[in-house]
Amino acid sequence: MSKPSDIIVIGAALNGLAAALALGGRRAKRPLDVVVVDAKDPRGFARNSFDGRASAITAAARRMFEALGIWQSVASEAQPMAEIIVTDSTRPGDARPVLLQFGPDDMKGGPSAHMIENRHLYGAMLDEALASPRIRFVVGEKVEAYDFGPGLAAVTLADGTTLRASLIVAADGRNSPAREAAGIKLVGWPYDQMGLVATVEHELPHEGRAEEHFTPSGPFAILPLPGNRSSLVWSERTAEAERLLALEPDAFEEELRLRFGTHLGTVNMVSGRHGYPLAMYVADRFTGPRLALAGDAAHVLHPLAGLGFNLGLRDVAALAECIHDAAALGLDIGSEAILDRYTQWRRFDTVATGAAMDGMNRLFANTNPVLTLLRRAGLMAVNRMGGLKSVFVSEAAGISGALPKLLRGEQV
Ligand SMILES: Cc1cc2nc3c(=O)[nH]c(=O)nc-3n(C[C@H](O)[C@H](O)[C@H](O)COP(=O)(O)OP(=O)(O)OC[C@H]3O[C@@H](n4cnc5c(N)ncnc54)[C@H](O)[C@@H]3O)c2cc1C
């Protein structure tokens, strides 16, 4: 049996790699010994796979990437959002009046977010983790058994290898087997909606404008990528999404063009199309004995504000601060008191954000005439109120609330 490490991170996707870097990366002030376990080898899926997804990285998350030594590797692939427009209409394409607009004057502190394709984020985080001497990868085998203490936690892989550590950080995704093994329940529900994701190329430049078009079946977002390209997150009722996904590529592209409009000239798909079932789930506890959940293992939100991964980074930043503070004092990093601090920091914020996303989805994804009138009047009112707009911009930039050090750009 190998020597115990400080931490086992389960999951080498976006949140797992971020956790490994925050805890054991080269930039950590006092890096801990971290073992990252994944059923898949991230060297296979990080750079080469193209799942079509891109992420809106908030200003706070950008600071965290700077502190972790990632930003410089992805900066050339990042598209700043210079403007955000919001419409609310049953009409397709170009016939949607803009009800709310955030421009450079509303974002005086810099863009509230940058769009980056996930494959670039994965690649940069993986390179940095591989170059960090205190991070070790054990990949290609599934975790099949968990032991949560009391003295040390342990995981057993499919090939019989057992790994031990003071703490397990589960970043093992929305179906988190670690969460299930610990008996932690989920609160939430699936939506009768799917998120269709694709990348398109268009004739005219987007000039950094992000577009959120609310429709009765869900939001249709056009998010700017470097060059004349945009990432689409197109929410549809499940049956309609399944019909669209089953269409021949040309027929799908025609449907897409109808919703997209002609304001950016001719539009062509330059990626495959992917469908993700949408849901809102929050774990009823973020920790168990010698276990902390992070990322989709702890919460899954509607992607209408592109906050999922950003919330995961908030988990990672708060957890890393709790753990490094405890380690600096010589305390047991897997103890209940340390994990309680993490739960208190993160769970309320997550529930509040999840409820806000859920409320917005319900408010917009319907044709009730009274609600339609109210929400359109609301959007236009916000558009006229500078103070309220700056609150929205701070929220979108992720710079409000009690921020952990990493999200302020400080090392831990
Ligand atoms: C349509 C859509 C658009 C989105 N857009 C945005 C956006 O703009 N901005 C944003 O911030 N977020 C966005 N999100 C959310 C974001 O994509 C997710 O929150 C994020 O990818 C979750 O990453 P994760 O690392 O937590 O989990 P995952 O990516 O699910 O990774 C889990 C890992 O754990 C491993 N694993 C699981 N079980 C085991 C086991 N037993 N043993 C070993 N390994 C295991 C898996 O192999 C996998 O590699 C979007 C989501 C959707 C659906």
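1. Thr-353 is buried, at a relative accessible area of 15%; buried here denotes under 20% relative accessible area, exposed over 50%, and partly exposed the range in between, with a 1.4 Å probe and protein chains only. The residue belongs to helix α10, residues 336-364. Helices (H or I, at least four residues) and strands (E, at least two) are DSSP runs, numbered from the N terminus. Apart from neighbours within four places in sequence, Thr-353 contacts Leu-301, Leu-307 and Leu-311, where contact means heavy atoms within 4.5 Å.

2. On provenance, this is a predicted model, in which local features need pLDDT of at least 70 and side-chain atom pairs count only at pLDDT 80 or more, while totals for chains, interfaces and linings use all residues. Residues are numbered from 1 along each chain as its sequence is written, and side-chain values use heavy atoms, with hydrogens and water left out.

3. Helix α10 also holds Ala-355, which is partly exposed at a relative accessible area of 44%. The C-alpha atoms of Ala-355 and Gly-188 are separated by 9.9 Å, although the two residues are 167 residues apart along the chain.

4. Helix α1 (residues 14-24) is largely enclosed by the rest of the structure, because eleven of its eleven residues are buried. Among them are Leu-14, Asn-15, Leu-17, Leu-21 and Leu-23. Leu-21 is also touched by Ile-70, whose other contacts beyond four places in sequence are Phe-65, Ala-124, Met-125 and Glu-128.

5. Ile-70 itself lies in the loop between α3 and α4 (71-74) and counts as buried, at 0% relative accessibility. Its C-alpha atom is separated by 9.1 Å from that of Asp-127, a residue 57 residues away along the chain.

6. The second largest pocket has a volume of about 220 Å³. Of the 16 residues that line this pocket, those closest to its centre are Ala-59, Gly-109, Gly-110, Pro-111 and Ile-399. For the method, on a 1 Å grid over the protein atoms alone, a cavity is a set of points where a 1.4 Å probe fits but cannot get out, whereas a pocket is an open set with protein on both sides within 12 Å along at least five of seven lines; lining residues have an atom within 4 Å of a point. Grid points are joined across faces, edges and corners, and the volume is the space filled by probe spheres set on the points.

7. The lining of the second largest pocket divides into six nonpolar, six polar and four charged residues. In this classification Ala, Val, Leu, Ile, Met, Phe, Trp, Tyr, Cys and Pro are nonpolar, Asp, Glu, Lys and Arg are charged, and the others, Gly among them, are polar.

8. Six aromatic pairs are counted. Rings of Phe, Tyr and Trp (its six-membered ring) pair if their centres lie within 6.5 Å, and planes under 30 degrees apart count as stacked, over 60 as edge-to-face and the rest as tilted. Tyr-146 and Phe-148 form a stacked pair, 6.1 Å centre to centre with 15° between the planes; Phe-148 is buried at 16% relative accessibility. Phe-286 and Tyr-342 form a tilted pair, 6.5 Å centre to centre with 45° between the planes. Because Phe-286 lies in the loop between β17 (274-283) and β18 (287-288) and Tyr-342 in helix α10, this pair ties together parts that are 56 residues apart in sequence. Phe-286 is buried at 0% relative accessibility, and Tyr-342 is buried with a relative accessible area of 0%.

9. Phe-220, Trp-234 and Phe-252 are linked into a cluster by ring pairs. The charged end of Arg-273 sits over the ring of Phe-252, 4.6 Å from its centre, and Arg-53 lies over the face of Tyr-276, at 4.0 Å from the ring centre. The criterion is NZ of Lys or CZ of Arg within 6 Å of the ring centre and within 35 degrees of the ring normal.

10. Most residues other than glycine have a negative phi, and most peptide bonds are trans. The bond from Gly-149 to Pro-150 is cis, with omega near 20°, and Pro-150 is in the loop between β9 (143-147) and β10 (153-157). Glu-207 has a positive phi of about 50° and is exposed at 62% relative accessibility. Arg-290 likewise has a positive phi of about 50°, but is buried at 9%.
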